[in-house]
There are 2 protein chains.
Amino acid sequence: MEGTGSVGVVETNYFTFARPPHEMVLESGERLGPITLAYETYGRLDQNRSNAILVLHALSGDAHAAGVHRGDKGAGWWDAMIGPGRALDTDRYFVICSNVLGGCRGSTGPSSKNPDTGEPYGLDFPIISIKDMVEAQRHLIDHLGIETLLSVIGGSSGGMQALQWMASYPERIRSAIPIATTLRHSPQQIALSEVGRQAIMSDPDWKSGSYHLHAPPARGLAIARMVGHITYMSDTSMKGKFGRRLRGARKPAKFSPEFEVEGYLEYRGSNFVKRFDANSYLYITKAMDHFDAAGPGDGAKVFLGIKAKVLVLAFKSDWLYPPYQSQEIVEACMSAGVDVTYCEIQSDYGHDAFLLEIEEESDLVRNFLDKVFNANEAVTERPRRRRAHRLRGGEGTPA
Amino acid sequence: MEGTGSVGVVETNYFTFARPPHEMVLESGERLGPITLAYETYGRLDQNRSNAILVLHALSGDAHAAGVHRGDKGAGWWDAMIGPGRALDTDRYFVICSNVLGGCRGSTGPSSKNPDTGEPYGLDFPIISIKDMVEAQRHLIDHLGIETLLSVIGGSSGGMQALQWMASYPERIRSAIPIATTLRHSPQQIALSEVGRQAIMSDPDWKSGSYHLHAPPARGLAIARMVGHITYMSDTSMKGKFGRRLRGARKPAKFSPEFEVEGYLEYRGSNFVKRFDANSYLYITKAMDHFDAAGPGDGAKVFLGIKAKVLVLAFKSDWLYPPYQSQEIVEACMSAGVDVTYCEIQSDYGHDAFLLEIEEESDLVRNFLDKVFNANEAVTERPRRRRAHRLRGGEGTPA
């Protein structure tokens, strides 16, 4: 795209809080501290501190959303969306992304050192929730001196965090963009999570969670990731990418990967082990399974009185977080009188589309943020002016 | 249903053939013998030997399709479809079901004793194909003195066998009923198979396939089965059966099953280990992945000249073998001028529907068999009379 670019070389920062005796009280009632969050920022916070956008990563993501680390080749996981002239335009916005609480990419999680023992927490790490992740992010936002976020945006479990921001801190966000996500996991989604967890816990190297970090339950975690990858793609995208092609002409050993799709899964599974902690996989998927933005009701109550504008995005071929779940978010918002827009993006990429189907996603996010930002500017100039129009519908393919 | 009933107490029979030096030559070129097939029959073969129906079981099925074994409580896996007055009416038809080659329920497979060593074959068992399974069934049919089958019927990999009968022995079947199946696995189906295989082979108890039968790779096989069960159900049927209900009020151990759906998967997984051999799982899923009824083409060629009538059934909520795959079978048949009817049955049960959505399935199968059988009788009386009407469409909900 003309005039767009990378944020260039970036560094990860670390923020530590909840130092004993001021530990954070978790949703479970347990206390945890100290807590470190790894985070990155791109762009500059403006004078009014009104241009900050918090990017929320999915299950296996991290704080490195954009740009490159010195010496590294690969760009951040959402680089195509973040940078000068990109959807999250760093010439205009101050973009923040932090690794979630419970993660393993610089933030405190089960692989972190337990201050009581000097060993990794393992299963002594307390159960954490999506709400706890958001609470930790709120500490970071406070630390950065930001009272109100222009937006919170994320896909998959990042979208759950966006919904939780709406529920926990409605007065601190001007907008929210939950993408390819749900108010709560269906039993099918719980079941798919559980298979991954069982694969990890069945690996004798898991050792009830107290494995050494250099000898992790690699086979189990790889299998969990294989299941994940199948659910992130679609029938159609797999056909396009692999078909029924075989890997090579040589006669392979019995039951070694023969089809290209098998080789791909093996590669993605074994690669994942190098960068992800098996216990973090357990804790984060559990947090996702227990997440229920709305509680037993229909979600309208929890969103009552929210002034933030909401843009809900779903992808047609996403069978892991099917569009009907995004429509449930929209219905909950509408029942609560929240200003919500819904767009269902045509894509064959399945759930991965939120990372890959960048062009349409960019346009929608860019235009939405533009309106919110301009309204925001107006609010700054003329406080308490009510916006005259609503954004409902009209920007994509309504359901 | 009025006037329908069970076939009552039944026994499994065993047929052994391909005794050395007359081993069966497999599709791979390897030789295997002796081969035993476990099989059951229900009803009586008529004087013309024209009323025999071969029932073909799916991945984890067996020869015990109907009735009960003495001392057992549970009925055969398709009992609701087979019996006096039922869709496969044993007052009228002679119904045969055999455990597949490569299986572990009485037929020769990797858990059978290798005559060369006196130990279970393990991975010394040769790779087998759906075609080999059908070839073994053909030996059984010869043994039973049946020249022509009234029908071959089965769901899932049983449906693949029905398609293979059409390809291998078109002159020996008067009809075929492939249900919830496909001409060939998509990469998504291969990927789901592969996760199950990897789970088995990652279990240290697998020991490269040479585990002792009393110490099998139980955790790995259970995980494979868990993946299977998720794919056999639908999002909707899981919601109906489990919702997000928790198992109990007590605080469970960290990461033990909490949701009902997790408990169900654990139960089904660990139960499966008691009745199924892990190596058979590898061999049979591999046969399914490699099955390609049509070869690289569109399937029309392989079905050219087939006189058998074909009834293709699919289920709307089946996402493992989606209706579009059944429609591909129909298209291949139509291109080849084969007399084919397609019905897509409304059901929320997902792939399991072929075992559970009995009422509509029964009606369709009953009426179809009735027409084939009557035409058959006519043929017997007046040889070479051409049937005047085709069965295409009209019996269900076309796609």
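Student: Through which surface do the copies meet?

Tutor: Two residues are in contact if their C-beta atoms, placed from the backbone, lie within 7 Å. In this predicted model, 100% of the interface residues of chain B are also interface residues in chain A, so the copies meet through the same surface. As to conventions, residues are numbered from 1 along each chain as its sequence is written, while chains are lettered from A and ligands numbered from 1 in the order in which they are written. Local features need pLDDT of at least 70 and side-chain atom pairs count only at pLDDT 80 or more, whereas totals for chains, interfaces and linings use all residues.

Student: How many residues does the contact take from each chain?

Tutor: Chain B gives 36 residues and chain A gives 36 residues. On the side of chain B that touches chain A, the largest share, 12 residues, comes from helix 3 of chain B. Helices here are DSSP runs of H or I with at least four residues, strands are runs of E with at least two, and both are numbered from the N terminus.

Student: At what angle do helix 4 and helix 6 of chain A pack?

Tutor: Two packed helices are described by the angle between their axes and the distance between the axes. Axes are lines fitted to C-alpha atoms, for helices over the stretch in contact, and angles run from 0 to 180 degrees between N-to-C directions. Helix 4 (residues 218-232) and helix 6 (residues 260-275) of chain A pack at about 125 degrees, with their axes 8 Å apart. That makes helix 4 of chain A oblique to helix 6 of chain A (under 35 degrees is roughly parallel, over 145 roughly antiparallel, 65 to 115 roughly perpendicular and the rest oblique).

Student: Which strands stand at the edges of the sheet in chain A?

Tutor: Strands of a sheet pair through backbone hydrogen bonds, either parallel or antiparallel. Two strands count as paired if DSSP finds at least two bridges between them. The open sheet of 8 strands in chain A has the order 2-5-10-6-11-12-13-14, with mixed pairing. Strand 2 (13-17) and strand 14 (340-345) of chain A stand at the edges, each with a single partner strand, so one side of each is left without a neighbour in the sheet.
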